[in-house]
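Subject: Structure for you to look at

Hello,

Here is the structure I promised to pass on. Please open it and keep it beside you while you read my notes.

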Amino acid sequence: MWNLEKIKQYISDGVEENIHLDYKGADSISSTNEKKNEISKDVSAFANSDGGVIIYGVKEYDEADKNHLPEKIQPINGNEYSKEWLEQVINSTISPKIHNVKITPVQALDNKDNQVIYVVEIPKSTTAHQMKDKRYYRRYNFQSIPMDDWEIKDIINRSSQTEFELYFETTPPKNILEKWPPLPPKIGIDIWIRNSGTKVIKYLDCFISGDNKTAKNIIKPYVTGEFQKHFSNTVEREITIKSDTFVINSERIVILPNTSRFIGRIEISENFIVENNNIYFQISTEDRVEYFNYKGKEIME
């Protein structure tokens with residue numbers, strides 16, 4: 001959930017722009033054609049890449065060595081440029097329309113002034129999107145750049161590939177953990193995969209890895225040093241004879257479109273959050289591989 005506290009934390013932590021995150025100052029929102037085209041270029045570039053978030057209303061540093069770092073909040077006049085205005089710009093300048101774009105207005109100052117930050121969350125698309133100049137753009141090194149023909153064709157073919165999303169459920173529940181501190185000494189993290197595409201996922205493997213600092217704050221499964229653990233959509237069939245249990249076979253349980261499957265669980269200590277540890281996920285299916293990196297509290301969001 002996006003709120004002012006979270007945005008301020010991004011600024012104080014110096015969270016740098018990346019392929020999934022972009023900051024835009026207040027001057028990025030304007031009724032001129034140039035600015036409207038810039039909005040559509042950036043939004044379509046995220047959809048054509050791997051999805052991501054654009055935060056309109058946060059200014060970057062002007063210094064060359066820090067110009068991808070957030071400097072301060074620079075709010076937008078919500079009376080002049082409303083959420084509906086921004087939605088209309090995005091929908092009218094990008095073809096085909098990008099579905100499920102989410103715009104969250106965050107009040108930056110006194111509500112009476114309607115000074116806002118717009119957090120625009122853009123999903124990874126299953127087709128290629130172009131803007132009014134008939135060009136296709138993608139994210140690369142903090143920028144939105146024109147795409148080559150082979151890249152456009154590759155994106156159009158996404159609909160024939162498996163698509164999935166990684167998410168977590170926690171014990172205690174997230175709505176309780178959001179109120180920290182204090183944190184409980186042990187937090188359970190259930191790992192779920194949602195099939196967000198139209199193709200059945202037959203084979204799924206999830207490798208979790210981290211360094212020695214992270215290993216010290218993982219309670220279960222037991223890990224040490226630079227570790228890697230494997231989970232999958234495999235289910236083992238067991239029988240028990242007297243006091244002995246035997247695995248008689250194992251099989252992959254397919255993940256149907258628009259369904260989710262629990263694939264594993266880890267338990268972390270409170271120090272995982274306090275020390276802002278890194279944990280990495282490599283998830284592969286029969287036709288794709290995706291990488292995810294979570295840091296500290298991010299795993300509970």
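Strand 17 (234-241) and strand 18 (244-252) each supply at least two residues of a nonpolar patch. The patch lies on the surface. Its members are Ile239, Ile241, Phe246 and Ile248. Together they have about 360 Å² of accessible area. Take Ile248 as an example. Ile248 sits in strand 18. Its relative accessibility is 52%, so Ile248 counts as exposed, the cut-off being over 50%.

One caution before you go on: this is a predicted model. Please read every contact below with that in mind.

Now the charged side chains. How many salt bridges does the structure hold? The count is 18. I picked out three of them for you.

Start with Glu290 and Lys124. Their side chains meet in a salt bridge, at 3.1 Å from N to O. This pair links distant parts of the chain, 166 residues apart. Glu290 is in strand 21 (residues 289-295). Lys124 is in the loop between strand 8 (115-122) and strand 9 (130-131). Are the two partners buried or exposed? Glu290 is buried, with a relative accessible area of 14%. Lys124 has 24% relative accessibility and counts as partly exposed.

Next, Glu163 and Arg288. Their side chains also form a salt bridge, and here the N to O distance is 3.7 Å. Glu163 is at 9% relative accessibility, and Arg288 is at 12%. Both count as buried, because buried means under 20%.

These two pairs belong together. Salt bridges that share partners join Asp50, Lys124, Glu163, Arg288 and Glu290 into one network.

The third pair is a local one to look up. Lys153 and Asp149 meet through their side chains in a salt bridge, at 3.1 Å from N to O. Where do they sit? Both are in helix 4 (residues 149-156). They are four residues apart, so about one helical turn separates them. Asp149 counts as partly exposed, at 48% relative accessibility.

That is what I have. Send me your questions once you have been through it.

Best wishes

Conventions
Residues numbered from 1 in each chain as written. Predicted model: local features only at pLDDT ≥ 70, side-chain atom pairs only at ≥ 80, totals over all residues. Heavy atoms only, no water. Salt bridge = Lys/Arg side-chain N within 4 Å of Asp/Glu carboxyl O. Buried < 20%, exposed > 50% of the residue type's maximum accessible area, 1.4 Å probe, protein only. Patch = residues over 30% accessible without salt bridge, like charges linked within 9 Å, V, L, I, M, F, W, Y side chains within 5 Å. Areas by Shrake-Rupley, 256 points an atom, 1.4 Å probe, with all protein chains shown as cover.
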